[in-house]
Amino acid sequence: MKPVDIRNLQTAEVEQKLDDAREELFKLRFQFTTGQLTDTSRLTAMKRDIARYQTILRERHLAAELSANQEEK
């Protein structure tokens, strides 16, 4: 999923997708360990997707903190 598409989602949806991606990564790692995974590039792609989700959630968290600090002053 592209970052632009992720930014268009609600925070709760991004968190749900992050949870789903982590679960999928766990399954892929298990398949890799048991020798059932044929396309190992999916591991890298899933890690990058997780990083994208985390980055966007962090951006939103920082923006919320910044706006809260602006309101206090």
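I'll start with the core. The largest nonpolar core has 14 residues, and the members touching the most others in it are Val 14, Met 46, Ile 50 and Tyr 53. Two of the helices, H2 (11-34) and H3 (41-72), each supply at least two residues to this core. H3 gives the most, with six residues. Keep in mind that this is a predicted model.

Take Val 14 from that list. Leaving out residues up to four places away in sequence, Val 14 touches Ile 6, Leu 9, Tyr 53, Leu 57 and Arg 60. As general background, nonpolar side chains in soluble globular proteins tend to be buried together.

Asp 49 sits in helix H3. Is Asp 49 buried or exposed? Its relative accessible area is 18%, and the cut-off for buried is under 20%, so Asp 49 counts as buried. As for partners, the side chain of Asp 49 makes a polar contact with the side chain of Arg 52, at 2.8 Å.

Now the whole chain. There are three helices and zero strands, and the pattern along the sequence reads α-α-α. What is the radius of gyration of the protein chain? The value is 16 Å, whereas a compact globule of 73 residues would have one near 11 Å. Along the principal axes, the C-alpha atoms fill a box of roughly 60 × 20 × 15 Å.

On burial, 21% of the 73 residues count as buried. The chain exposes about 5,700 Å², and carbon and sulfur atoms supply 50% of that area.

Last, contacts. Taking those between residues at least 6 apart in sequence, 62% join residues at least 24 apart.

How values were computed: Residues numbered from 1 in each chain as written. Predicted model: local features only at pLDDT ≥ 70, side-chain atom pairs only at ≥ 80, totals over all residues. Heavy atoms only, no water. Core = buried A, V, L, I, M, F, W, Y, C linked by side-chain atoms within 4.5 Å. Buried < 20%, exposed > 50% of the residue type's maximum accessible area, 1.4 Å probe, protein only. Helix = DSSP H or I, 4+ residues; strand = E, 2+ residues; numbered from the N terminus. Contact = heavy atoms within 4.5 Å. Polar contact = N/O pair within 3.5 Å; in protein donor to acceptor, adjacent residues only side chain to side chain. Rg over C-alpha atoms; globule rule 2.2 N^0.38 Å. Areas by Shrake-Rupley, 256 points an atom, 1.4 Å probe, with all protein chains shown as cover.
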